[in-house]
Structure formats: structure tokens, C-alpha cells
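Okay, thanks for coming, everyone.

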Amino acid sequence: MSDAAIARLEHVSHRYGAVAALDDLSLDLPAGRMVGVIGPDGVGKSTLLALVAGVRRIQAGRVTVLGGDMAQRRHRTREAARIAYMPQGLGRNLYPTLSVFENIDFHGRLFGQGASERRRRITDLLTATGLDPFEDRPAGKLSGGMKQKLSLCCALIHDPDLLILDEPTTGVDPLSRGQFWELIGSIRAGRPGMSVIVATAYMDEASRFEWLIAMDDGHVIASGSPVDLLARTAKPDMEAAFIALLPPEKQAQHRPVVLKPRPPRLDAVPAIEAEHLTRRFGSFTAVDDVSFRIARGEIFGFLGSNGCGKSTTMKMLTGLLPVSEGSAKLFGHPVGDNDMETRRNVGYMSQAFSLYSELTVLQNLELHAQLYHLPPHDRPVRIKELLERYELEPVKNARPDSLPLGIKQRLQLAVAVLHRPAMLILDEPTSGVDPIARDAFWRTLIDLSRDEGVTIFLSTHFMNEAERCDRISLMHAGRVLAVGTPAELVRERGSSSLEQCFIDYLADAAGLDPKTAEKAGVETGEEAAAGPDAAPAPAPPRAVPHRHRFDPRRLWAYARRETMELLRDPIRIAFAFIGPILLMIAFGYGISFDVENLRFSAFDQDNTPESRQLVDAFTSSRYFSEQPPIRSATELDRRFRNGSVQIAVEIPPRFGRDLQSGRAPEVAVWLDGAMPFRAETSRGYVTGLANQYAHQLAVERLGTDAATTVSVETRFRYNQAFRSVNAMVPSVMMLLLILIPAIMSAIAVVREKETGSIANFRSTPVTKFEFLLGKQLPYIGIAMISFGLLVLVALFVFDVPVKGSFAALALGTLFYVSATTGFGQFISTFMKTQVAAVFATALLSIIPAVNFSGLLVPISSLSGSARLIGLSLPPAWYQPVTAGTFTKGLPFSELERNIVVLAGFALLFLILSQLLLRKQEA
Amino acid sequence: MAGPAQGAKPAQATGPARATAPAPLGFGTHVANVFRLIVKELRSIRADPVMLFLVVYAFTFAVHSVASGASTEVRNLTIGVVDEDRSDLSRQIVSAFNPPLVKSVVPLTPAEIDPAMDTGRLVFVIELPPRLQKDVLSGRPTQVQLGVDATAMTQAGNGSVYIQAIVAQEVARFAARSDLTDTAPVQVVTRAKFNPNLQTSWFTSVMQVINNITLLTVILTGAALIREREQGTVEHLLVMPLVPVEIMLAKVIANGLVILVGAGLSLVVVVEGWLGVPIAGSIPLFLFGAGLYALAVAALGILLGTIASSMGQFGLLVIPILLLMQLLSGSSTPMESMPFWLQIVVQTVSPTPHFVALAQAVLYRGAGLSVVWPQLLALTALGSVYFAFALARFRRVIFGV
């Protein structure tokens, strides 16, 4: 094996805001080896790996990988096909709704592999990992261990030369963990040239690696082979060695955990008594017939992988989840029937940090003190006591977000014990906490148990913590495999260690003989090892470099995957198809400028034939609905006030006589001005009626000659009936076809950022153009389908036909939705979360589409900046297309210019997104 | 709890147990719990600068810009004139089209009419016929054609009334100068109550405040619940001696309160002060109605927060619903313009139209309790139904999944 470096870092620093993740780091990672990067959470391991993988932008310093500078894009694009990167988190680079096969298949397509090659490789990988029976299972429904194996398959599909794994085994049960490492081992045996870099927080895994890099606080504190590090520190295990390698001031904080004997006591009633507890979620049984008893003052540990039912059992005991079957008793009382007394006796700490990050440390403590009804005089005393005891005094006015995980966990514990519960239920309280803080945490737990007789029920996946418990229970797939003291369990199985003991139990549960289980792992591994080698590779792995700037297969891979995901997400599908139809109906009916059924009443103080004739002129109008007459000025006032009258004509006394004598009496018409548009329109009606009435009078009295000589003949073009919907429906189509497609496509990109699958875009040879267009195409398709639906709604619900060129409408729409989906992608390049993307896109599309594109005010009436904003966005160019084809009956030729401009917008947004989207993370 | 430790330190071990208060679970405890949770909610809101900014912005600048921007007032008309008469009268008519009513008058030939209207360059075209002036002078009836692009709904109807009036007025004035006195037998004077000059801003500003109440209450409350679910803090609340209805009430009241204060200030400071819109009725009565309304829509926010499992889904869910509620509430266009069946549906399902009716009655027309009690009753009824439904979902989702 060559000792050349596969990666070299020189003076690399990396900051996130004020926090330095890496601080002037220089380091060589040897080639052809399995290199382990060890250290607790938050020391910069992930940043280091991401920089080497090229998925993060280098801020300062130089990173050389595979003989080239990773700051150069050309080198990165060339070498991307030789590097495989598996991000941190269970299945972060997987798509949960896609099946096992589809996930690997997608990755294969990204590397331009043909159908038969993919099929062969996938079969090989699935057989090697033992995932072959689950080929059609959605990735989201796999256990943690299986997810990680699948992630590994995805990473290995293209035979990389450098495999980078970021905490691949965190949260995975020990058996699967063992299998995982066996698998890696055998793959390496088959490809000896491959270099592997692994980050891990489990110190006990460190001895598996050939080369170790120990990190703390953005610095490398030691590197060398595991044997070498143990020898250097003269410690028996890696955890102790790691503590010994820490700077002296940190070591000074460390005191070893001393187990105190548990005082004997009379256990008349157990603290917890679970009998045949079962919990189902639909057809899935999360907890299956679990029984155990925990004595008072005992420290009882639950050991098991993520998703094995630990948290569910704990939630049932706290009453957070109802029990499907069986019973649970706390201190002899059944749990679950809203028993406030039981709740007072329990302190609970959930798996993730779950205090209010927006409240300060002190405010969090105060809130809990109040809600647990500590007597007011006791509260400050108790809080002060806790602040001191858990060393929170210096940070009491800080918000938890700004604190390290270790301190946050102390705060959670302080909150959990605040009301002096007789029992603590702690769900993985030390996950991700560094060894020193973890030991400090355990010292407080032991004090609580031994000195105050508090019963502690906790879950963990650290073996050395399990060994500190009075008794433990091994859990797997919802079942308890064994219960007993750690020593008893090891003795019973005759295992070498607690971990081995657990693995034996797991193998038993899986129906494997422990010996063969081990062997099976090796054998399948050997098969895998044989796989890539024996397979008649169509070309040597190195010879499939990334040649083309553009590869339609990768584009298609993204388009295909996006479509599959979308079709399996009911909320997004509903939003895409039902949303526009509902909104179209709402807009069509809701935005109406038809003013009809105005409540009209007459205040006739004259009551002569002349006045009645005038009133008749009003009541005969189809716009007015006549109400009982008004009899007094106060009644007029009152009826307007309560809204029972919207328009009233007030005829003065002596009206008839004045009219007869030609004295032109004055008639007042009152309008309800509360809604100005309605009042304005009614004023128009009144003016028309008054003119008509005057004309009629003049004809009657003076003959036709003296009648008004000039009449204005109004012709409403395009919409003779002057129906609001005829005008609204086309405009609303314009609004909906920007709103919904833009939001959908914005979410499509931001979603990947949130779930982490964007890592696949960053670590594979797919180009920005392929990624963007590939993700855009399905949304263009969906938008065109909803366009079709909207046309049907227009035709059959609103009776608005397409009078002009349907070809112009369809082509214009195609370019328009290309532009609006592009607009959404453009916005998504700035956004980090899905909510922000939804609301920002909604605001940015609704405002111009409603105000500056001819929906409310015709573009010709706009001026200045409003006109400019309008014309610089697609809606203003599309509105004439919909209005033109639906109502104006225009032919294709009249709309050519608009269609060309829309196509230009589609191109423009694609180019803008291409410029703004970053292939690397900041 | 019995003394758990009879071993090492009995005093310390039993001491804590006694210090825990006995279990008072009367009405007073519930009220105290709700009160404390409200304080917590208010602190959470205060600690979220983005939301606070959104609330402040929505109630100040957004109200102002909507009121002074979007307008359905008839102005900036674009008129094309085909003058085939070229007389004094025709020139007089053309010169009467002035800003702000008219933005531009474009002389046209008859052949240019169709293209100009097809492309939407002009919304109105007037054709003044040859011999117009001669016909007027000789008292012969004659016709002026006015073509209107009826796809421009906000302008077409009212704009054509204005144009007709201007033409009639100019003809009359011309005739008067020529000693052909126009004798109108009746003077019809129209007067608008509550908004004499029919300024759009009076309407849009107050409706914007109402829309903001709906929008912000739903988003704030729903987001507050989803945040607790995403962060897991709701579990923490549920292991404490609290019942779900306390948690929900606190959210509804705290968020409703913030919005109510915002709406009240917005009405007094921005609408009355900055925009100069007179408010006819009692602001306390309006705020009382707004309070009831906020409780109802906050319950809706909770309901949506239990349906969506993430903030992203919440966003997708909430946008169409808010748009529907706003469009069909009578705050955009009159309720009477909707089909009758839709009015019934909307008024049965949504509290918004009742609140809009109440707000219009109180704020513009100065109506009192005697007028708006049916709306208050409807708000209470719908609010209770929403609340009960949301609580049921809240219980089921938080405990059941």
C-alpha cells in the first residue's frame, strides 16, 4: 500500500458565522487505507469530510484531493466520479418514498450507467448487503441499519476510488454496525486501491481503523494507528485514550464516574411495572408485548438501536402515547388516564433537545416551576439550587440555542428534576455529548439515584453507559430480548463483553446462530468482494470519467425521480391539482364586478303621480331590488346604518307641483359609500336612470324635437353581456399558473436542502443545468395538466369559451409555465426552508400578478414604476394571451410577440438560476 | 409519593416529596396554567424577530401601500378618438378628457380601432361622426359611438358612465353657448353616505386590516403549534400536569391577543392617523368582534397545524385556504354578487364574511350592538365549532400518533 496522501489539507480554516469549525488545520490523509476521524459532535469532523468530498466551498487554506486542487471547479468536475460521499444522518442521501431499487437506480443513472449495467451492479450490491429481499420496500420504511446499508450501496454504485462516510453507524444497532464494517472490509478486500475516510463518534469503533485522526474543537489533537495512540497514552481503551489526548485544561474537568452501591430497600411496590405493553401504529407494531419491573431507586437502562421501540415504550410510560394492549403502572397507579398525580412524580427528558429555544435558561426553569405548581416562595430557592448544582448560573440569561449540547442536556436534566420527581425517564440523554460531559452527567445521575432514591429509567446506545446501570434490558424490533444486570447477561451468554452479548442476542432474534451470523457476515462480504472484481466491467472504473458537459441521461434521472416522488406525496399532488380548481372557482365567483340586487328604497315625501313615476323608473331597473319605503329622515339614517338599504331616492315635498311649473325640483339619491366600487357603479346606474327619466318627461311634454340631440351609444366589445366572469376567468388563469407552479418548483429545490438529499447533487457529476431542468420538467408537465383542467372549468363551470386561437393559448401557456416554474427555482436559490420558500414565492408572484399585470387595472393605465414592474415579469405578457384567446377571439398572429417574450422569460429564469445556484455548500 | 429512600439520607429523600404541592385541580388551577402558558407564548412571539417584523409590517406599511396603491377608482383611462367631424364641438369634447380621469387621448383612424383594442393598448374608443356639430346645431338627433373593452372590468362600466357624462356635458355647454338652452326638468343629485367622495382607500385600508387579522392569526397560531411539534416541546408540556385544552387555549388567546393589539393600533394610528380615514363607529365594539373572530381563526390555525406535519406542508395548505377565505368574504367584492348558494355555503362555513359585515357596519356606518348582534352570535357559534373540532384533532394527533 502506498503511503502517498489521498488528501492533503494545508492551513484550512472554516467558520460558520462566529463559530470556527476548523482552525488552521494541516493534515495528510494516507491513501489506500481506512482512515477514521474520531471526536465528539461539533468538533469539525463533518466539515473536514465535506471539504475533502468537495461538497463544501473552501474558505481558507488549500485542500488537495486525488492530486488536484479542490478549489478548482475543473478538477472537482473531473474527479467527482471517483469520489463517493455519504452524508451524516440515517439515510440522508436517500429518498424515503422511493424503493430500495429505485434509490440505487437513481444514483446509477447519475453516473450515466446503462440499464443492464445498473441492473447487474444493483443485484450485486443488494446481494452483498443482504438487502435483496427488500428491493421494493420504500427507503423510509427501512430500519436504521438497513438505511445505512442502502446509502452505502448508493455510494458504491460507481466504484469510487475514495469513499467518504460521515458517521455511518450512529444510531445503528450493534449487530448491524458489525455487519456494516464487515461489508466495508470485504469491499476493500476486493478493491484494495480504494481509500476510505470515516468519521465516527463511537470511540469503541476506532480500533477497526488503520489510521486515526483525533479531533477536538477544530484542531487535530493526534493522529496515528490505533495501537500507536493507545501506546502513546498508555490507556486500555480508546475513550480513555481520547480523554488523555485532550488539552490539559479540558482533562482537568474530567473526573471518573464512580459507581456507588445501591442502598438496600423494601421494594413493596415497584416504581415501574409494565405488563405486556404493546403499541401499534397502523399495521406496524412498534412495541411488542414488553414486560419489565423497575424497583425504586434503580438505574434501569434500555439498550437498543434507533427505531427499536425504546422511545415508544418510554412515551407510553409517561402517558404521552396511549397503550394499544397491556398495562403500565407507575408506583402502583395505572398510567394514562390523565392522572395528574402520576405526572407530578415523573420527570421526562425526550430524545432531542425539547425545551423552548426562544426562552432563556432561567425562563425555561421558571415556566416549569410554575406549571408544576411549586409553591411561589419555593420557586426562586429551587431554581437557584438547580442553577448552582447543574452549573448553569453563568448561562442563565442565555438562550439554549447558543449553548453546547452538553450544557443543554444538563439544562434538560435540571428541568426534569425541578419538581423533585420520584422517577426520571430519560430518552437517550447523552446522545452526541462528548465523553467528558457524559461522565459529568452520569455522576449527577448516580447521585440522584443513590442519595435521593430517585428511580432512573434511561435509554442509550453506549455500551459503557449500559454497564453502569443496575439492570438493563436489551431491545430490538419492538421486543425485549433480555433483562438483567450487565454482569449477569454477559455471564449467561458466556460472551466476552456486553456488546458481544447484545450481538448474540440480536443474532438469536434474527434466527441466526451467533457463530454462523458472524461467518455469514464474512461470507456475504466475500461474495461482495468477489462481485466487483469478477464482474466483467464494461470499462475499467477509472475510464468512466465525466466527459460531457451535458448528459441527457442525468437530466432524465432527476426528472424521473422528481416525478416519482411527487406522485407519492398526496399533499403536494392535492395542492397541484385541486388547489388551482378550487381557487379558480373562488376567484371566478369571488372577484365579481357585477353590481346587482342593490337594496333600493324610496323616501317619497310628495306622493303625487309625478313622484310615483320617478320611483317607478328606479324600481323597474334590473339592478335594484325594492325594499319597503322609508317614512322619515331618521328612518333613512337608521336603515342605511343597519345596511338594509344601499340606495335611496329622496323626493322632496311639492316635487310634483314644481315639476308641473317647470321649476326643476331637486331630487337627492343617497348611496351607501361603505364599498366605494359598488357605490360608484350604482351612481352610474342612477345617472343613466335619471337621464332616461328626464328624456321621457321631455318627450311627453315637449315632443321629440326638444329631446337631447346627442346620445352616446356604448358598445361593450368582447364581452357584450358585460359579465364579470368572462373577464375574470382568463385573468385568474394567469394568476394561478404563476402562483401554484412557482411555489411547487421552489419547494422542489428547497426540500432537497432541508432533507439533505441535495448532497447527491453536490457530490455527483450532475451539472447545475441538468439538475435545474431535470427538476423543472415534471412541474411544467403538471402545470400543463392543471392548465387543461382550468380550461375545462372555464368551459363547463363558468361557460367561458375559447373564441380565439387555442394553439396560441396552449403554446403561450407552455412558455408561461416554463417561465413561472423557472421563477420558482430562481427564488429557491435564495431560500433555505420550505416555509420561507412558500411564502416568499406566494408574495412575489401574487403582488405583481394582481396589481401590475392587467388583472385589476389595465396595463395601458399603468405608468412609471408600476408599468415597469409589470412589464418585467411574465404575467403582464401572458394576460393578453389568455384575454385575447378567451374573450377577444384573437388569431395566433396577433399574439406572436407575447409568445416570443414569454419564451424569453423562460430562458432568462433558467440562466439566472444557473448563475445563482451553487454546486457547493457555503 | 411515599418516601422513596429509607437508606442513606432519609431527610433529603423525603423532603423533596413533601415540597411538591398537593394536587389542586380546580378551575383556579386551570386558569393559572393557561395564564402561565399565555406568558410563555407571548415570550416566544417576542423572541421571533421574523414573525414580529411580519406582524408590524403587515399592520403598517402593507395597509398603507394597499390603501394608496391598488385602486378601483376610475382614473388613468386610455381613450382613442376617431374624430370624423373635426369641428369646434368635437375638439371641445376631446379637450375635456383630462387627468386624473384620463391618462391619454390618442387620435385614431377607423382602421386603427381594432388592432388598438385587440392588443389592449386602448380600453375606450369614441367615434365622433361627421356632421356632429351641424346636427347638434340643427337639433337633429345623432349618435356618438363609444367602444369599450369589456375585459377591463374595473374600468369598463364606470369609465363609460363618466365618458358619457362628459360628452353630454360638453354638448350641453356647446348648445348653451349657441343659445339652445338645455332644460333639464329634474336635478338629480347623488350623495354617498359614509364616504362622500367614494375614496377607495377608505375601503381598502380597513379591509386590509381585516385580511391581516385572518392571515396573521392563522399563520401565527398554526406555526406556533408546528414549531412545538417539530421541536418536541409539546411532548414536554404533555408530561406535565396540564391538559390539552389549556395548551390550546393559551396558544389561541396569546396569538389572538397579539393580533388584536396590532389591529387596534393599526386602525387608530395607520388608518385613522396616517391615511386620514374617518372611523364612524365604536372601535371597542369592533375590537370585541375582532377578538371573537381572532379566537375562531386561531382555532382554524391549530386545526391546520394538526393536519400538516411540517412547516412546508403547512405553507402549502394555508395559502389556498387563506385565499379562499379572503376572496369569498365580501372584503374584495360585494357578497351580493356571488351566486346565492355560494353565499349560503360561505356564511355557514367561514367566520370571515360575518366579521367583514360587522366591520363594515361598525366602522363605516357607525352601527351599534343592536345592529351587529347577529354577526356576533354567528362568530361565537362558528368559533365554538372550530374550537371544538380543533381540540378534538389536537388531542388525537398529539396523543395518537
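So, how many of the six residues of S18(A) are buried? Six of its six, so to speak: S18(A) is mostly covered. One thing before I go on: this is a predicted model, so please keep that in mind throughout.

Let's stay with that strand. S18(A) is covered on both faces. A:Thr455, A:Phe457 and A:Ser459 sit on one side, A:Ile456, A:Leu458 and A:Thr460 sit on the other, and all are buried.

Who are the neighbours? On one pairing, strand S17 of chain A, residues 423-426, runs parallel with S18(A) over four bridges, and A:Leu424 stands opposite A:Ile456 there. Then there's strand S13 of chain A, residues 299-303, which is joined to S18(A), residues 455-460, by five bridges, also in parallel. In that pairing A:Ile299 has A:Ile456 as its bridge partner, and A:Leu303 has A:Thr460.

Now S13(A) itself. Is it buried or exposed? Five of its five residues are buried, so we call it mostly covered. Again both faces are covered, with A:Ile299, A:Gly301 and A:Leu303 on one side and A:Phe300 and A:Phe302 on the other. S13(A) also pairs with strand S19 of chain A, residues 471-476, in the parallel sense over four bridges. In S19(A), the residue opposite A:Gly301 is A:Ile472.

Chain A has an antiparallel sheet to show you as well. It's an open one with four strands, in the order S12-S11-S14-S15. The edges are S12(A), residues 284-294, and S15(A), residues 333-334, each pairing on one side only. S11(A), residues 272-281, is joined to S12(A) by seven antiparallel bridges, and A:Phe281 stands opposite A:Phe284 in S12(A).

On to a helix: H22 of chain A, residues 609-619. Its buried residues are A:Ser611, A:Leu614, A:Val615 and A:Phe618. Why do they end up on the same side of H22(A)? Because they cover an arc of only 95° around the axis. On the face turned away from the buried side of H22(A) you'll find A:Pro609 and A:Asp616, which are exposed.

What about the core? The largest nonpolar core has 409 residues, and A:Ile164 and B:Ala299 touch the most other members. Helix H26 of chain A, residues 724-755, gives the most to this core, with 21 residues. If you want to click on A:Ile164, leave aside the residues up to four places away in sequence, and its contacts include A:Leu49, A:Val52, A:Ile83, A:Tyr85, A:Met86 and A:Ile197.

Next, how the two chains meet. Chain A puts 131 residues into the contact and chain B puts in 124. On the chain A side, helix H25, residues 676-702, gives the most, with 15 residues. That side of chain A divides into 68 nonpolar, 36 polar and 27 charged residues. One to look at is A:Trp670, whose bridge partner in S5(B) is B:Arg191.

Last, confidence. The model scores ipTM 0.81 and pTM 0.82. Chain A averages a pLDDT of 85, with 94% of the residues scoring at least 70. Its residues 513-545 are below 50, and that stretch has 43 contacts in the model beyond near neighbours in sequence. For chain B the mean pLDDT is 84, and 90% of its residues reach 70 or more. Residues 1-23 of chain B stay under 50, with 46 contacts beyond four places in sequence.

That's my tour. Happy to go back to any part of it.

Conventions: Residues numbered from 1 in each chain as written. Chains lettered and ligands numbered in written order. Predicted model: local features only at pLDDT ≥ 70, side-chain atom pairs only at ≥ 80, totals over all residues. Buried ≥ 20, exposed ≤ 12 C-beta atoms within 10 Å, placed from the backbone. Helix = DSSP H or I, 4+ residues; strand = E, 2+ residues; numbered from the N terminus. Arc of directions from axis to C-beta. pLDDT = per-residue confidence, 0-100. Contact = placed C-beta atoms within 7 Å. Nonpolar A, V, L, I, M, F, W, Y, C, P; charged D, E, K, R; others polar. Pairing = 2+ DSSP bridges. Core = buried A, V, L, I, M, F, W, Y, C linked by C-beta atoms within 7 Å.
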